[in-house]
Amino acid sequence: MSQEIQEPTKVLAIERILARVLRLGSIIAGVLLAAGIGAMLFTGAAFPRQLITAGLITLLLTPVLRVVVAAVVFCKERDWLFALFCLVVLCSLVAGVKLGLVG
Amino acid sequence: MITTTLLLFPIAIVVGVMGAILGLGGGIFIVPVLTLLFKVPMRTAVAASTVSIIATSTGAAVAYLNDRLTNIRVAIWLEMATATGAMTGALVAGYLNQRFLFILFGILLGYSGYNMLKTRGKERTRAVVPDRVSRRLRLGGSYFDQSLDRQVDYQVTHSIPGLVIMYFSGAAAGLMGIGAGIFKVPAMDQVMGLPFKASTATSNFMIGVTAASGAVVYFARGDVQPLIAGPVVLGVLLGAVIGARLMVRMKATTVRRMFIPLILYTAVVMIYKGVAR
């Protein structure tokens, strides 16, 4: 019975944490992109290009960071199986990048 | 350049709204818009579309996580398959007959679209009996449905067949560059028995991760053009935030009704690509 009561709060916790990571990522990326595009429209200099690139890279790293954070949360909860699943996902992401760069 | 940006932006917002609601990346719209309307080279268009998949996923996820529509355990279980699938798909892409693949996947999509059409309207409260894997991994979930104003508890079944389908869905995305979310939603809805809104929200959560490794590769190759990708991605990001807020209040039947024409359209596009190539 005690397990049934614990469960929802646990699940809620990981959802809150991941939501925070993703919100932070999208806000930073959104601000960088908006600043870059705004500056580009008004000045047309090279600097906005770098701002946009920084925004795109931030966005790109957010889902990867999300998997890492999920792995950490599962480790803390001693949910080793799901921590392992996260590790498998991360390894295939890295392998995908390596294969893509070779091919 | 300025007119391109100003035109791209609102289109990207619409794609973001739709993508967030339906759990799709929106590549099926962004790539033709960029190549046909704006005469952008194919590689640049696909690269921009791949980064915008991450924008849809990230922008929408916050609202879905807060309402607990996203089933994180199902997502991580299935991400193992989509990520490895995408990897093998990219690896064997050169050895397979693309034409045949497009037709095959097009027919599969058409079939699941037909199934959805048949069962539309009856958002059944299905009695799903969880399989052994689902019980062991505690895949079942629960979310608060704002349109019904009550908590929806559900179970998940066919965990292994779902994993196998996701592997091929990932491989399809790696092989053809499309089909990030369009296979995931029917697999979760029709095979694994998740409620429709949980299926699109969970698909949405997953597509960002599947697209990440591809996006890194496009970046490293220099295919991501900041001046094209920037406005598209920002628009999609904003659209996704709006779309997710709308979706949590929508009825599951409405979301399904919106999904059906899209899946049928994608099926036609894929079959056409296979035949016309």
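**Figure 1. Surroundings of B:G140 in the predicted model.** In this predicted model, B:G140 is in contact with B:P130, B:S134, B:Y154, B:Q155 and B:V156, leaving aside its neighbours within four places in sequence. B:G140 belongs to the loop of chain B that runs between α6 (132-137) and β1 (141-145). The C-alpha atoms of B:G140 and B:D153 are separated by 7.8 Å, and the two residues are 13 residues apart along the chain.

Figure 2. B:R138 lies in the loop between α6 and β1 of chain B. Its phi is positive, about 50°, although B:R138 is not a glycine. Since 14 C-beta neighbours lie inside 10 Å, B:R138 counts as partly exposed. B:K39 also has a positive phi, near 55°, and is a residue other than glycine. The place of B:K39 is in the loop between α2 (27-37) and α3 of chain B. B:K39 has 9 other C-beta atoms within 10 Å and is therefore exposed.

**Figure 3. Crossing of α1(B) and α3(B).** Helix α1 (residues 2-22) of chain B crosses α3(B) at roughly 65°, and the two axes come within 9 Å. The crossing of α1(B) past α3(B) is right-handed. Which residues of the two helices meet? From α1(B) these are B:G16, B:G19 and B:A20, and from α3(B) they are B:A55, B:T56, B:G59 and B:A60. Sorted by class, this contact of α1(B) with α3(B) has three nonpolar, four polar and no charged residues.

**Figure 4. Packing of α4(B) on α7(B).** In chain B, helix α4 (residues 72-92) and helix α7 (residues 159-176) pack with their axes 6 Å apart and at an angle of about 35°. α4(B) passes α7(B) in a right-handed crossing. The contact of α4(B) with α7(B) comprises 15 nonpolar and ten polar residues, with no charged residues. Two values describe such a pair: packed helices are characterised by the angle between their axes and by the distance between the axes.

**Figure 5. The largest nonpolar core and B:V51.** The largest nonpolar core has 121 residues, of which B:A48, B:V51 and B:V233 touch the most other members. Helix α3 (residues 42-66) of chain B gives this core its largest share, 14 residues. Nonpolar side chains tend to be buried together in soluble globular proteins. The contacts of B:V51, leaving aside its neighbours within four places in sequence, include residues of both chains. In chain A they are A:L56, A:L59 and A:L60. In chain B they are B:A215, B:V224, B:A229 and B:V233.

**Figure 6. The contact between chain A and chain B.** How many residues does each chain bring to the contact? Chain A brings 40 residues and chain B brings 43 residues. On the side of chain A that touches chain B, the elements that give two or more residues are α1 (2-42), α2 (47-76) and α3 (80-102) of chain A. α1(A) supplies the largest share of that side, 15 residues. By class, the residues on the side of chain A that touches chain B are 27 nonpolar, ten polar and three charged.

**Figure 7. Chain B as a whole.** The secondary structure of chain B comprises eleven helices and two strands. Read from the N terminus, the order of elements is α-α-α-α-α-α-β-β-α-α-α-α-α. The C-alpha trace of chain B spans about 50 × 40 × 35 Å along its principal axes. Of the 277 residues, 58% count as buried. Among contacts in chain B with a separation of 6 or more, 84% join residues 24 or more positions apart.

**Figure 8. Chain A as a whole.** Chain A has three helices and zero strands, in the pattern α-α-α along the sequence. Of its 103 residues, 38% count as buried. Residues 24 or more positions apart make up 46% of the contacts in chain A with a separation of 6 or more.

Notes:
Residues are numbered from 1 along each chain as its sequence is written. Chains are lettered from A and ligands numbered from 1 in the order in which they are written. This is a predicted model: local features need pLDDT of at least 70, side-chain atom pairs count only at pLDDT 80 or more; totals for chains, interfaces and linings use all residues. Helices (H or I, at least four residues) and strands (E, at least two) are DSSP runs, numbered from the N terminus. Two residues are in contact if their C-beta atoms, placed from the backbone, lie within 7 Å. Ala, Val, Leu, Ile, Met, Phe, Trp, Tyr, Cys and Pro count as nonpolar, Asp, Glu, Lys and Arg as charged, and the others, Gly among them, as polar. A nonpolar core is a set of buried Ala, Val, Leu, Ile, Met, Phe, Trp, Tyr and Cys residues joined through C-beta atoms within 7 Å. A residue is buried if 20 or more other C-beta atoms lie within 10 Å of its own, exposed if 12 or fewer, and partly exposed in between; C-beta atoms are placed from the backbone. Axes are lines fitted to C-alpha atoms, for helices over the stretch in contact, and angles run from 0 to 180 degrees between N-to-C directions. A crossing is left-handed if the near helix is turned anticlockwise from the far one by less than a right angle, and right-handed if clockwise.
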